[in-house]
Amino acid sequence: VTLGAVAQIGRNQGASLIVNTFFNTVMNTAMGLGSSINSYVSHFAQAVKQPMAPQITKSYSSGNEKRTDELLVMSTKYTFLLTLLLGSIFIMSPGWILKLWLGEVPPYASVFLVLFIIDNLVQSLNSGVGNLIMASGKISLYQILLSVLNIFAIVLGYIVLKLGYPAYFLLIAYISVSVI
C-alpha cells in the first residue's frame with residue numbers, strides 16, 4: 001500500500017515538476033488550478049464509493065459472488081455517473097467558470113481542467129476494483145501493478161514534453177496510461 005501511495009503522489013507531484021522543467025510558473029499555475037478543481041469533483045464522487053467498501057468485503061468473504069459483482073458494478077456506475085455529473089459542468093464551460101471564479105484565467109487552465117476531469121472519469125471506471133482486491137487479500141500484486149503504471153505515466157509524460165509537445169500533452173499521456 002505504501003508503494004502505491006508513493007507512486008500516486010509521485011504521479012501527481014511529478015506532473016508539477018515536469019511542467020516546471022519545460023515551461024514557466026504560469027503554466028504550472030494553470031495546471032494546479034485544473035488539478036485543484038478536479039480534486040473537489042473526485043472527493044465528492046468518492047464519497048459514494050466509500051460506504052460500499054465494507055459491503056464488498058463482507059459479500060466477498062462470505063462467498064456471495066453474485067452480490068459482490070452487483071456491488072462492484074454499482075460502485076463503479078455510481079462513482080462514474082457522479083463524476084460525470086459534476087465534471088460535465090466544468091467540461092461544458094470551463095473558461096466561463098474559471099473566469100467567474102478568478103477574473104483573469106491563466107492560459108491553458110481550461111484545457112488542463114477538462115483533461116484532469118477526463119482522467120478522473122477514466123479512473124472511476126475501476127473504482128470498486130480496489131475494494132474487491134483488498135477483500136481478496138491479493139493487495140501486493142495490485143499495488144505493484146498500479147505503481148508501475150503510475151511511474152510509467154511520469155516517464156511517458158516526460159518523454160512527450162521532451163519531444164516538444166504542449167504542456168497539456170502531459171495529461172493526455174496520463175489519460176492514456178489510465179485507460180490501460
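Which helices each supply at least two residues of the lining of the largest pocket? They are α1 (2–22), α2 (25–49), α6 (109–124), α7 (129–136), α8 (139–162) and α9 (169–179), where a helix is a DSSP run of H or I with at least four residues, numbered from the N terminus. The structure is a predicted model, in which local features need pLDDT of at least 70 and side-chain atom pairs count only at pLDDT 80 or more, while totals for chains, interfaces and linings use all residues. Residues are numbered from 1 along each chain as its sequence is written, and side-chain values use heavy atoms, with hydrogens and water left out.

Rolling a probe the size of a water molecule over the atoms shows where empty space is left. A pocket is an open set of points, on a 1 Å grid over the protein atoms alone, where a 1.4 Å probe fits and protein lies on both sides within 12 Å along at least five of seven lines, and its lining residues have an atom within 4 Å of a point. The largest pocket holds about 1500 Å³ of space, and among its 41 lining residues Gln 8, Gln 46, Gln 123, Asn 126 and Asn 150 are the closest to its centre. Helix α2 gives the most to this lining, with 10 residues.

Side chains of opposite charge can pair when their charged atoms come close. A salt bridge here is a side-chain nitrogen of Lys or Arg within 4 Å of a carboxyl oxygen of Asp or Glu, and the count comes to 1. Arg 67 forms it with Glu 70, the closest N and O atoms being 3.8 Å apart, and both residues lie in helix α4 (residues 65–92), 3 residues apart, about one turn of the helix. Arg 67 is partly exposed at 32% relative accessibility, and Glu 70 is partly exposed at 37%.

Most residues other than glycine have a negative phi. Tyr 108, although not a glycine, has a positive phi of about 70°, and its place is in the loop between α5 (94–102) and α6.

Definitions and conventions: Grid points are joined across faces, edges and corners, and a volume is the space filled by probe spheres set on the points. Buried means under 20% relative accessible area, exposed over 50%, partly exposed in between (1.4 Å probe, protein chains only).
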